[in-house]
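Here's a quick briefing to read alongside the model. Have the viewer open and follow along.

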Amino acid sequence: MFHVSSASRKQMPKLLVLIAGGCLTSITGGIVSPVFPEVVEQLHIDPRWAGMLVSMHCLTIAMFAPILGILANRIGTLKILIPSLISYAVFGVAGAFMPSFLPLLLTRALLGAASGGIAAASIGIIGNMYEGDERARILGYASSIFAIVGIFFPLLGGWAGSFHWQYAFCLYAAGLPVAFFATFFLHEEPLRKSSTSVLPKQKEKLLQTLQTPSNITLFLVLSLTSAIFYIVIIYAPSHFKATIGADTALNGMILASRAIGAAIISALGASRLSKNLGVAPAVSLGFILMAVTLITIPHVEEIYLIFTTAVMFGVGFGIVMPNVYNALAQFNQPEVRSSVLAIGNGASYLGQFLSPVFLGPVWKYGGISVFYVGAAVAIMMAILTLKQEKALRRKYP
């Protein structure tokens with residue numbers, strides 16, 4: 001299934017370590033989401049601000065990833081990657097021992113800074129390691145792996161949290177074995193320097209590139225897709241606990257079922273849909289699926305329907321994200337590609353952070369209305385993407 005060229009096979013150990021690092025950044029919020037209602041209850045947190053615990057790391061990822069990317073280019077990738085992996089484990093586990101909202105929020109912020117270092121040293125490089133159809137396949141495989149890992153960690157988080165909510169935080173210790181393998185596999189074959197540090201002569205070209213309609217649209221798509229996804233990460237567990245009495249284990253399974261849909265479509269269908277329909281129609285289809293399933297959340301209480309709609313939401317998400325990242329890589333020239341991908345990654349995490357900031361009051365005062373707001377945004381993005389179809393057809397000159 002995992003078909004790559006012979007040249008790429010030589011880079012497979014490096015790629016696997018990079019994907020492992022990417023997995024850690026992608027599950028940072030999902031690990032604690034199943035125990036989120038218990039954390040809010042035990043620490044007596046105001047529901048309006050409680051969602052910040054799940055998304056705080058997104059802000060610091062968006063802040064630190066570009067900074068640490070530049071630093072990695074100057075002092076070496078491993079000098080950023082390995083300390084970031086260790087810090088990820090330390091700050092992640094430390095959250096279990098915080099007695100109140102603000103100290104826990106601080107550890108989540110530091111966890112995000114560590115994740116930013118991991119992202120700067122790993123995720124952005126993948127998009128620059130491959131070209132053409134192979135890059136599309138690798139990004140699809142990577143997205144699928146991220147989603148598959150996203151299946152198991154919410155399950156593990158829910159299972160561990162069923163004993164006590166603090167135990168879920170212990171899963172962040174996974175950063176330590178990844179740090180070990182990074183030391184082992186990347187020591188003799190160091191990562192090539194990333195172009196995320198833009199030379200002065202490239203600044204003007206980068207600024208011009210960022211102003212193109214296709215890039216602006218794709219950055220907005222990444223940000224709002226992540227914001228919509230975080231609606232189900234943050235608020236769906238609390239909704240299902242209130243309506244069907246879902247415990248941490250069941251909420252973990254519901255979250256995992258969304259990852260199943262994303263994993264299947266990312267690996268098998270996302271790139272094919274884009275090739276057959278075009279980028280804009282494929283992405284719009286993904287948004288429509290997300291909107292429809294968001295609307296159903298307040299109206300389904302049967303377990304099989306909850307799981308079915310959760311899988312379909314994951315399918316929609318799994319169509320949008322890999323196609324958008326591949327479009328960013330395809331539509332920008334190699335000398336600015338890493339910078340554009342890094343900015344896109346930051347836009348995605350910024351959307352995750354802003355999701356509870358804007359929707360927290362909606363959840364507090366409007367309850368299930370938060371799912372309708374998310375559906376409306378998804379439909380708006382489907383329309384916007386179709387309107388930008390001509391811009392999204394082009395390739396870099």
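Which residue forms a salt bridge with Glu-38? The partner is Lys-241, with the closest N and O atoms 3.3 Å apart; a salt bridge here is a side-chain nitrogen of Lys or Arg within 4 Å of a carboxyl oxygen of Asp or Glu.

Some ground rules: this is a predicted model, where local features need pLDDT of at least 70 and side-chain atom pairs count only at pLDDT 80 or more, while totals for chains, interfaces and linings use all residues. Residues are numbered from 1 along each chain as its sequence is written, and side-chain values use heavy atoms, with hydrogens and water left out.

**Salt bridges**
- The count comes to two salt bridges.
- Glu-38 sits in helix 3 (residues 36–43) and Lys-241 in helix 13 (residues 236–244), 203 residues apart; helices (H or I, at least four residues) and strands (E, at least two) are DSSP runs, numbered from the N terminus.
- Glu-41 also meets Lys-241, at 3.3 Å from N to O, so this pair ties together parts that are 200 residues apart in sequence.
- Lys-241 is partly exposed at 29% relative accessible area, and Glu-41 is partly exposed at 47% (buried means under 20%, exposed over 50%, partly exposed in between; 1.4 Å probe, protein chains only).

**Overall build**
- The chain has 20 helices and zero strands.
- Of its 397 residues, 58% count as buried.
- Take the contacts (heavy atoms within 4.5 Å) between residues at least 6 apart in sequence: 86% of them join residues at least 24 apart.

**Aromatic pairs**
- The whole structure holds 10 aromatic pairs (rings of Phe, Tyr and Trp, the last by its six-membered ring, with centres within 6.5 Å; planes under 30 degrees apart are stacked, over 60 edge-to-face, the rest tilted).
- Phe-169 and Tyr-172 make a tilted pair, 6.4 Å centre to centre with 50° between the planes.
- Trp-363 and Phe-371 have ring centres 6.4 Å apart and planes at 75°, so they count as edge-to-face.
- Tyr-88, Trp-165, Phe-169 and Tyr-172 form one aromatic cluster.
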